[in-house]
Amino acid sequence: MNPPAPYGVIPIDKPVGPTSHDAVAAVRRALRTKAVGHTGTLDPFASGLLLICVGPATRLAEYFAPLPKTYVATMRLGAATDTDDHTGETIASSDAWGALTREQVEAALAAQVGEVQQLPPSYSAKKVDGERMYAVARRGGEVERTPVTVIIYGIRVLSVDLPDVVFEVECGSGTYIRAIARDAGEALGVGGHLRQLRRTRIGPHDVERAVPMDRLGEDELVRAAMLTAAEAVSHLPRVVADERGEADLRHGRAVQAPEGFAADGAVAVVSTAGELLAVGEAAGGVVRPRKVFAGAG
């Protein structure tokens, strides 16, 4: 008999260098399956946590996008670059960073906490008139940038060894950590850019559980790290379905939420054994299935 097809979400620790698509390709090769997809990209110069969906779990990708993300970043003051990171060309520099204090640096970063308007980097993947901004910038075109609303939950300075500053940031989807470094440098009047970036958390998922990308060939390690579908969406409100409810879900029928269940929106429906049966939309005490996974494992 053939072994069961892999099904779940693998937390990967991506090193500096490979793209997120390289990580997906590595998982495909290691697990010998084409049903693989990531839940959000990391720039090649960044390292850290990627959540890779495998098998039927690829249908869960949309539920990870809203999760807050945590990064540890190194900002270098005294130089601004055209990409807002160390891969770009220096466009302005200043030696005035030598007179800065830790308190000034902390204040420049703290000013960006909250719901803020952030100008995306010129070299970003955002589309303007259907074209990626980095593609326009690379051919020397004029990039029209519009500020976007992002949420930065908190920034904590870990160390100051000027001109370098290491900080941890927790933020919402769509936030550019490069832009935080750039804007802090501008506020301090010396310029700044991002030197290093590592993603350490996505919602409840920590890089400590992740499989290093170069160890994907170790089956036992991968199996131990693999999140079940139910574990992967542990951040969603949860409804437990009995046997009748499970049968209803298999046929695409709605199930009743428990009395007093007040959540609206996306809900994970699990069996009494903890298996993810479906992700549905809750409203008025009823959960209507959007994606059914009963029997997928």
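Helices here are DSSP runs of H or I with at least four residues, and they are numbered from the N terminus. With that in place, let me say at once that what we are looking at is a predicted model, and then turn to helix 4, where Gly 189, just after the helix, takes a positive phi of about 80°.

Helix 4 itself covers residues 177–188, and its 12 residues reach 17 Å from the first C-alpha to the last, which is close to the 16 Å expected at 1.5 Å a residue. This helix is mostly covered, with 9 of its 12 residues buried, and the buried ones are Ile 177, Arg 178, Ala 179, Ile 180, Ala 181, Arg 182, Ala 184, Gly 185 and Leu 188. If you look for what lies over them, the cover includes helix 2 (102–110) together with strand 4 (69–77), strand 7 (114–118), strand 10 (148–161), strand 11 (164–171) and strand 12 (192–202).

Which residues of helix 1 are buried? They are Ser 20, Ala 23, Val 24, Ala 26, Val 27, Ala 30 and Leu 31, and because they cover an arc of only 160° around the axis, they lie on the same side of helix 1. As a general point, an α-helix has 3.6 residues a turn, so residues three or four places apart point the same way. On the other side of helix 1, His 21 and Arg 29 are exposed. The buried residues of helix 1 are covered by elements that include strand 1 (8–14), strand 2 (36–38), strand 3 (47–54) and helix 5 (219–225). After helix 1 comes Arg 32, whose phi is positive as well, near 55°.

Two loop residues deserve a moment here. Met 213 is found in the loop between strand 14 (211–212) and helix 5, and with a relative accessibility of 15% Met 213 counts as buried, because the cut-off is 20%. Although Met 213 and Asp 13 are 200 residues apart along the chain, their C-alpha atoms are separated by 5.9 Å. Leaving aside residues up to four places away in sequence, Met 213 touches Ile 12, Asp 13, Lys 14, Pro 15, Pro 18, Asp 22, Ala 23 and Ala 26; Ala 23 and Ala 26, you will recall, are among the buried residues of helix 1.

How many disulfides does the structure hold? There are 0: Cys 53 is in no disulfide, and the nearest cysteine sulfur, that of Cys 171, is 19 Å away. Cys 171 is likewise in no disulfide, its nearest cysteine sulfur being that of Cys 53. Cys 53 counts as buried at 1% relative accessibility, and Cys 171 counts as buried at 1% too.

Finally, a word on the rings. A search of the whole structure finds 0 aromatic pairs, but the ring of Phe 293 does have the charged end of Arg 59 over it, 4.8 Å from its centre.

Technical notes: Residues are numbered from 1 along each chain as its sequence is written. This is a predicted model: local features need pLDDT of at least 70, side-chain atom pairs count only at pLDDT 80 or more; totals for chains, interfaces and linings use all residues. Side-chain values use heavy atoms; hydrogens and water are left out. Buried means under 20% relative accessible area, exposed over 50%, partly exposed in between (1.4 Å probe, protein chains only). The arc is that of the directions from the helix axis to the C-beta atoms. Contact means heavy atoms within 4.5 Å. A disulfide is a pair of cysteine sulfur atoms within 2.5 Å. Rings of Phe, Tyr and Trp (its six-membered ring) pair if their centres lie within 6.5 Å; planes under 30 degrees apart count as stacked, over 60 as edge-to-face and the rest as tilted. A charge sits over a ring if NZ of Lys or CZ of Arg is within 6 Å of the ring centre and within 35 degrees of the ring normal. The expected span of a helix is 1.5 Å times one less than its number of residues.
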